Amino acid sequence: MNIIFVGPPGAGKGTQAVEICKAKGIPQISTGDILRKAIKEGTETGLKAKAFVEAGQLVPDDVLIGIIKDRLAQSDCADGYILDGFPRTVPQAEALEGIAKIDVVIELDVPDDVLVDRLSGRRVCPGCGATYHVSMLGGETKCAACGAELIVRKDDMPETVLNRLKVYHAQTAPLVSFYEKKGTLRKIDGTSGVSEIFKAIMNALEA
Ligand code: AP5
């Protein structure tokens, strides 16, 4: 099954994609993770993307479409995948139509005030990529999975978060009606607990 997760920054796309991918045995394709890795390694794509990502702006469509075309051609995508963070603009969604057939689009719906709290409290592991929220760490500063010191993502600084939300509403939210018209959109309330949302997504995928 080929699945898209759409939703604002901090909606829980990454948190849920990891669990749903485990349950379904399919890969999670996070364009944010791909770009952060490219920036860290200083590749050509990373150099192009760095300033956009750090300012909370979208990286140009042609860069992302190229990344996704290459990634979806890999053999682990043959039995399905979750696209986490792509498409993010209508031109990206239109380009995807020529690359893949999407079965379901899961929209995680969360109001802006909740998102600001989630992102300002997010801590990530630079080693294995695990994501936490300070409210669940009880003062712990190391990753429970690999022991690395947790960090704050550069684009989780308050002024960048507000910019990312603006960018989401202006450029990504139109995808909701794009996929509604195609009949593939399933809206999920993203404000409840992680395990309740997981169940709601699994039910939506089976419906
Ligand atoms: P990306 O990494 O995709 O960031 P994003 O979409 O802004 O999403 P986030 O990773 O911030 O949030 P999430 O929804 O995954 O939430 P999470 O599960 O971590 O992209 C980064 C940048 O790359 C973009 O700004 C752009 O520059 C560029 N980019 C990427 N794709 C692009 C594209 N297609 N085109 C152009 N540019 C692109 O959860 C957040 C926090 O909330 C965590 O602390 C978590 O523990 C907590 N949490 C999660 N669920 C719950 C819950 N149910 N209750 C309480 N807390 C929760």
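Is A93 buried or exposed? A93 is buried, because its relative accessible area is 0%, and buried means under 20%. The structure discussed here is a predicted model.

**The setting of A93**

- A93 is located in helix α5.
- Apart from neighbours within four places in sequence, A93 is in contact with P87, L175, F178 and Y179.
- The C-alpha atoms of A93 and I65 are 9.4 Å apart in space, while the two residues are 28 residues apart in sequence.

**The nonpolar cores**

- The largest nonpolar core consists of 29 residues.
- Within this core, the residues with the most contacts are L72, Y81, L83, L96, I102 and Y179.
- Two or more residues of this core come from each of the helices α2 (31-41), α3 (44-55), α4 (61-72), α5 (90-97) and α9 (174-182), and from each of the strands β1 (2-6) and β3 (81-84).
- Helix α4 supplies the largest share of this core, namely six residues.
- When residues up to four places away in sequence are not counted, L72 touches I29, C77, Y81, L83, L96, I99 and A100.
- There is also a second, separate core of 22 residues, and A11, A17, L119 and L165 are included in it.

- The side chain of R36 has an N or O atom 2.9 Å from an oxygen atom of the ligand.
- In G85, a backbone N or O atom lies 2.8 Å from a nitrogen atom of the ligand.
- In Q92, a polar side-chain atom lies 2.9 Å from a nitrogen atom of the ligand.
- On its own, the ligand has 1,000 Å² of accessible area, of which the protein covers 93%.

**The shell around the ligand**

- Two or more residues of the shell come from each of α1 (13-24), α2, α6 (112-120), β6 (131-133) and α10 (194-206).
- Helix α2 gives the most to this shell, with four residues.
- There are 35 residues around the ligand, and T15, Q57, R88, R122 and R164 come nearest.
- Sorted by class, the shell holds 14 nonpolar residues, 13 polar residues and eight charged residues.

Conventions: Residues numbered from 1 in each chain as written. Predicted model: local features only at pLDDT ≥ 70, side-chain atom pairs only at ≥ 80, totals over all residues. Heavy atoms only, no water. Core = buried A, V, L, I, M, F, W, Y, C linked by side-chain atoms within 4.5 Å. Buried < 20%, exposed > 50% of the residue type's maximum accessible area, 1.4 Å probe, protein only. Contact = heavy atoms within 4.5 Å. Near = heavy atom within 4 Å. Polar contact = N/O pair within 3.5 Å; in protein donor to acceptor, adjacent residues only side chain to side chain. Areas by Shrake-Rupley, 256 points an atom, 1.4 Å probe, with all protein chains shown as cover. Nonpolar A, V, L, I, M, F, W, Y, C, P; charged D, E, K, R; others polar.
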